Amino acid sequence: PMFGEQQRFVLLLIAPAALLMLLFQVVPIVIGANASFRDWALYNPKKVWVGLAHYHSVITDPAFLYVVLPNTFLFMVLSVLGALVTGLALALLLNRPFPGQKVVQTILLVPLMVAPVIAAIMIRWIFNDQFGIVNVVLEAIGLDGQPWLVQRWSAFGIILLTDIWLWTPWFTLLLLAGLQSLPKEPFEAAAIDGTTTWRVFRFLTLPMLRPVIVVCVVIRAIDAFRTFDIVWTLTGGGPGRSTELFSLYAYVHAFL
């Protein structure tokens, strides 16, 4: 009876979260899935059943196959990898006490407080081909300014840079928490043996930190796959459609 009572109590605690998830996650997904099988225009409420016609048009669209999909997966891999490597490096640096550590930690967390759209507007002005500070600096040292946001790969690079800058503090925070929770004994034993810093990192820190890294990467990869705001604000998917990601493609086809 005691176990049954405990189980009921646990279910009672989970119920509000489960209800919210059902209403705001599961129900919209079901409605969206239903809409994907119908010709459901906002100005035409007939909702004619068309079966797999929408899916067929997407997977036979050259823009989707040869631009949007490669862009999305390339962005996902490079963004997650870039933020992970930078975040891990910063976490390792912050894991040792030094004067002004709290100040540095606070400064590093600033990007987390900036809304992605605001960050994207700021970066867009920084790389503006006429007024941007980057071109002003380049011209001051005798180099030519570049039209950064109207060339495919430079625009893609700026989108990546913005995303990595925004998400590195998140990785730093979680990985630093992971580092501080590791047991001290193996590191003390390695120090007594005179093991090099690289070997300690390679054979002790990384394997022990792997569970935290895996969770961070999975959560961030899911989020990176549906990135919309910074790309829409920086380039709108341009020049042409060359920096379009999956979420932009879906938005354009649904609403424009």
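1. This is a predicted model, and the points that follow should be read with that in mind. The largest pocket has a volume of about 1200 Å³, and its lining is made up of 27 residues. Those that lie nearest the centre of this pocket are Ser36, Ala250, Tyr251, His253 and Ala254.

2. Which elements each supply at least two residues of the lining of the largest pocket? They are α1 (2-36), β1 (38-41), α2 (53-59) and α11 (246-255), and the one that gives the most is α11, with eight residues. Sorted by class, the lining of the largest pocket holds 17 nonpolar, six polar and four charged residues.

3. The second largest pocket holds about 530 Å³ of space, and 20 residues line it, with Leu92, Arg96, Phe187, Val200 and Thr205 lying nearest its centre. Two or more residues of the lining of the second largest pocket come from each of α3 (62-94), α7 (152-180), α8 (185-193) and α9 (197-225). Here α9 gives the most, with five residues, and the classes in the lining of the second largest pocket are 11 nonpolar, six polar and three charged.

4. The aromatic rings deserve a point of their own, as a search of the whole structure finds 15 aromatic pairs. One of them joins tryptophan 125 and phenylalanine 131, whose rings are 6.4 Å apart from centre to centre, with 40 degrees between the planes, and this pair is tilted. Tryptophan 125 has a relative accessible area of 48% and is therefore partly exposed, because exposed residues are those over 50%. Phenylalanine 131, at 58% relative accessibility, is over that limit and so counts as exposed.

5. Is the pair of phenylalanine 228 and tryptophan 232 stacked or edge-to-face? The ring centres of phenylalanine 228 and tryptophan 232 are 5.6 Å apart and the planes are at 15 degrees, so the pair is stacked, because planes under 30 degrees apart count as such. Both partners are partly exposed, phenylalanine 228 at 24% relative accessibility and tryptophan 232 with a relative accessible area of 33%.

6. Two further arrangements of rings can be noted here. Phe64, Phe73, Phe225, Phe246 and Tyr249 form one aromatic cluster. Arginine 202 places its charged end over the ring of phenylalanine 203, at 5.1 Å from the centre of that ring.

7. Glycine 238 and proline 239 are joined by a cis peptide bond, with omega at about 0 degrees, and proline 239 lies in the loop between α10 (229-234) and α11. Lysine 47, a residue other than glycine, has a positive phi, near 55 degrees. Lysine 47 belongs to strand β2 (residues 44-49), and at 34% relative accessibility this lysine counts as partly exposed.

8. As for the chain as a whole, there are 11 helices and two strands, and their order from the N terminus on is α-β-β-α-α-α-α-α-α-α-α-α-α. The radius of gyration of the chain is 24 Å, whereas a compact globule of 256 residues would have a value near 18 Å. Taken along the principal axes, the C-alpha atoms of the chain fill a box of roughly 80 × 75 × 30 Å. Of the 256 residues, 30% count as buried.

9. A last point concerns valine 212, which lies in helix α9 and, at 27% relative accessibility, counts as partly exposed. How far apart are the C-alpha atoms of valine 212 and phenylalanine 171? They are separated by 9.9 Å, although the two residues are 41 residues apart along the chain.

How values were computed. Residues numbered from 1 in each chain as written. Predicted model: local features only at pLDDT ≥ 70, side-chain atom pairs only at ≥ 80, totals over all residues. Heavy atoms only, no water. 1 Å grid on protein atoms, 1.4 Å probe; cavity = no way out; pocket = protein on both sides within 12 Å on 5 of 7 lines; lining within 4 Å. Points joined across faces, edges and corners; volume = space filled by probe spheres on them. Helix = DSSP H or I, 4+ residues; strand = E, 2+ residues; numbered from the N terminus. Nonpolar A, V, L, I, M, F, W, Y, C, P; charged D, E, K, R; others polar. Phe/Tyr/Trp six-rings, centres within 6.5 Å; stacked < 30°, edge-to-face > 60°. Buried < 20%, exposed > 50% of the residue type's maximum accessible area, 1.4 Å probe, protein only. Lys NZ or Arg CZ within 6 Å of the ring centre and 35° of its normal. Rg over C-alpha atoms; globule rule 2.2 N^0.38 Å.
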